[in-house]
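Please read this note with the structure open beside you, and check each point against what you see there.

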Amino acid sequence: MSGYLYEKDLTSMKYDILTSTRHDRMVREIAADIGIPQIKLRRYIMERFDMLLMENLPARYEEGKRQMAYASETERDLRAHLYSRAIPLVTEDEMDRIVTRVKELMESGMPREEAVLAGKNLFRGSILK
Amino acid sequence: MKRTVDVSIPVGPIHPCWKEPARVKCETKGEFVLSAEVELGYMKKGIERIMRGRPWQEVMFLAERVCGICSVIHNMVFIEALEGISSIPVPERAALLRVIVNELDRMQSHILANFSYCYTIEHETLAMYLLDVREKVMDELERITGARVTCAYIVPGGVRFDLRHEDALRLRANLAAIEDEIIRYTGMFENGPMIALRSKRIGILTKEDAREACAVGPTARASGMPESDRRLYHPTYQKLGFVPVSREEGDNFARIMMRFQEILQSIALIRRCLDTLPEGPVRGGGIPGAGEIAYSGEAPRGELSYFIRTDAAGRIVDIAIQTPSIMNIEACCHYMLKGVASLADVPSTFVSSDPCIACTER
Amino acid sequence: MSLLQRVKNFVRSRSIHVAYVDVGSCNGCDIEVLACLSPRYDIEQYGIYVHNNPREADILLVIGAFTPGWEDKLRSVWDKIPEPKAAIAIGNCPISGCLYNRPHTLIDPPVAKHIPIAAQVPGCPPRPTEILSAVLAVAPVVFKDFEVKKR
């Protein structure tokens, strides 16, 4: 019966989507912001997103950046909404955990910049995991 | 995507109700749809890749063939983007003729979308009535532009042909007939109890979700976002005093009614254009030059954006097209289909967002 | 000619089921096929029924240039159609690739490489009447005395 189910390897088609002009620009921006190699981010996106979400990524990215203005300061620094809702790189629970952790660090007396940096490291870790 | 349940029911790529191939894998619990995943790649032609490095004269025809249903708006947005780069003026008569042709195209596209929906919920009578009205609109389109589909009517600095006086009279007469029929069919759709059972409170898209998925066009306006209409920012439409309509329900019924309302609105716009059509030239001429621009227009399905970079010879160096269907199908599959009570509602909900896979994949 | 064959010929002449498959077009041809359904052209008055189910079809309308997604699937769709069957290419795309057949494209025309095509309707897009007359012209050639010809 497997002949009738026709599951197919979609990697090359997904790669075609992800290398168009706007997608490429977006991937470069995100990779530079998070601080991971582009190739790793591309593979991560290709493994986790379905093709329709991938087509829509640039529009969601622009909209997510616009929505950042309404978030709290910590969330804005971590780009929490952008990377969990607009572009679901990590789940919302995971992002909430990171945000809570950063807030805890700040309450325990760590300077703001260091705490945000620690949060970004946590985020990078959860992607490279 | 992560598996949440173990039953995944694929719908498509060949499905009796779908005009184009796409594969929606619905993760279900009983008949309840928990989430949907879409597999594309059946229509990917790589148009943006073909366009690069080609002269605008050639890309103009390729741009039209991104989508055959809404070909006029692709033509219009591409040409207006080129005009924006090189600041080519458009004669006033030509600008109004563009609006007339664009609105006729919007009407036939909306009628086709509503036909598909009625056909999907098996109301074949209303579907065939609508398809018959569509032929009248196509006649008008053909009389003005010379072709039914992909007519390449709009050129830099104007339009190809003038609207003759007798054609304008025929257009007016036909518009009156079309308006009567559309009002009648809108009533049939609005008051049909069976249609209401299949459409009301099914496939709901809330305003927050619509914003997050960047839904556009009638899909967004049915969820209460009238500001998403790009016609508000177009100078010719501003001159005509265009005001968008919207609804609040955000279900299948609202999306179809939205399109019926917009058809009537388009008829009013065309009438206003015919009333104010000044005498004068329709082709000013102009040669596109080097530059870069991001330009958007309102396609029948929503906001259509072109990002173009050209060189001095008018060749397209870089181009990216963002079609409305990308956002709308995404909103449909990842938000509307979530929580659809029965698998039988999946095709009708999918069709109600007016999917156009050819645009989505290009 | 046997009586059975005559009955078959008679039935087949007025009952043609059509399925269409879009293998990567711009949609322009799809909507012209749909326009055939409209009361103005009324495809059903000739006994043609657009069903879009390959397992019940007699004639397959192939629309569009051939995209990578269909490599393994078009053949299987064709195999599912019961004999006697015929495929008609609608529009320029399945014939030559039309505008899309340029450097850096992803398509792989013509469709005739992948499944046998009985007739071609050129045009970008062809008019509904042309599609209609193509179906009506192909049907008797393929279906009349099918069993006799096969022998």
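Predicted model: local features only at pLDDT ≥ 70, side-chain atom pairs only at ≥ 80, totals over all residues.

1. For chain A the mean pLDDT is 79, and 95% of its residues reach 70 or more. Among the elements of this chain, helix 1 of chain A, residues 2-5, has the lowest mean pLDDT, at 50, whereas helix 3 of chain A has the highest, at 86.

2. Chain A is built with nine helices and zero strands, and its C-alpha atoms fill a box of roughly 60 × 30 × 25 Å along the principal axes. Of its 129 residues, 32% count as buried. If one takes the contacts in chain A with a separation of 6 or more, residues 24 or more positions apart account for 51% of them.

3. Which residues of helix 2 of chain A are buried? They are Met13(A), Lys14(A), Ile17(A) and Leu18(A), and because they cover an arc of only 140 degrees around the axis, they lie on the same side of the helix.

4. The buried residues of helix 2 of chain A pack against helix 3 (21-34), helix 4 (38-48) and helix 5 (51-67) of chain A, while the face turned away from the buried side carries the exposed residues Thr11(A) and Ser12(A).

5. Chain B has 14 helices and eight strands. Its radius of gyration is 20 Å, close to the 21 Å that the globule rule gives for 362 residues, so chain B is as compact as a globular protein of that length. The C-alpha trace of chain B spans about 65 × 45 × 30 Å along its principal axes, and 57% of the 362 residues count as buried. Among the contacts in chain B between residues at least 6 apart in sequence, 71% join residues at least 24 apart.

6. Where chain B meets chain C, 31 residues of chain B are in contact with 34 residues of chain C. On the chain B side, helix 1 (47-51), helix 2 (56-64) and helix 5 (124-145) each supply at least two residues, and the largest share, five residues, comes from helix 5 of chain B. The residues of this side divide into 17 nonpolar, five polar and nine charged.

Note on methods:
Residues numbered from 1 in each chain as written. Chains lettered and ligands numbered in written order. Buried ≥ 20, exposed ≤ 12 C-beta atoms within 10 Å, placed from the backbone. Helix = DSSP H or I, 4+ residues; strand = E, 2+ residues; numbered from the N terminus. Arc of directions from axis to C-beta. Contact = placed C-beta atoms within 7 Å. Rg over C-alpha atoms; globule rule 2.2 N^0.38 Å. pLDDT = per-residue confidence, 0-100. Nonpolar A, V, L, I, M, F, W, Y, C, P; charged D, E, K, R; others polar.
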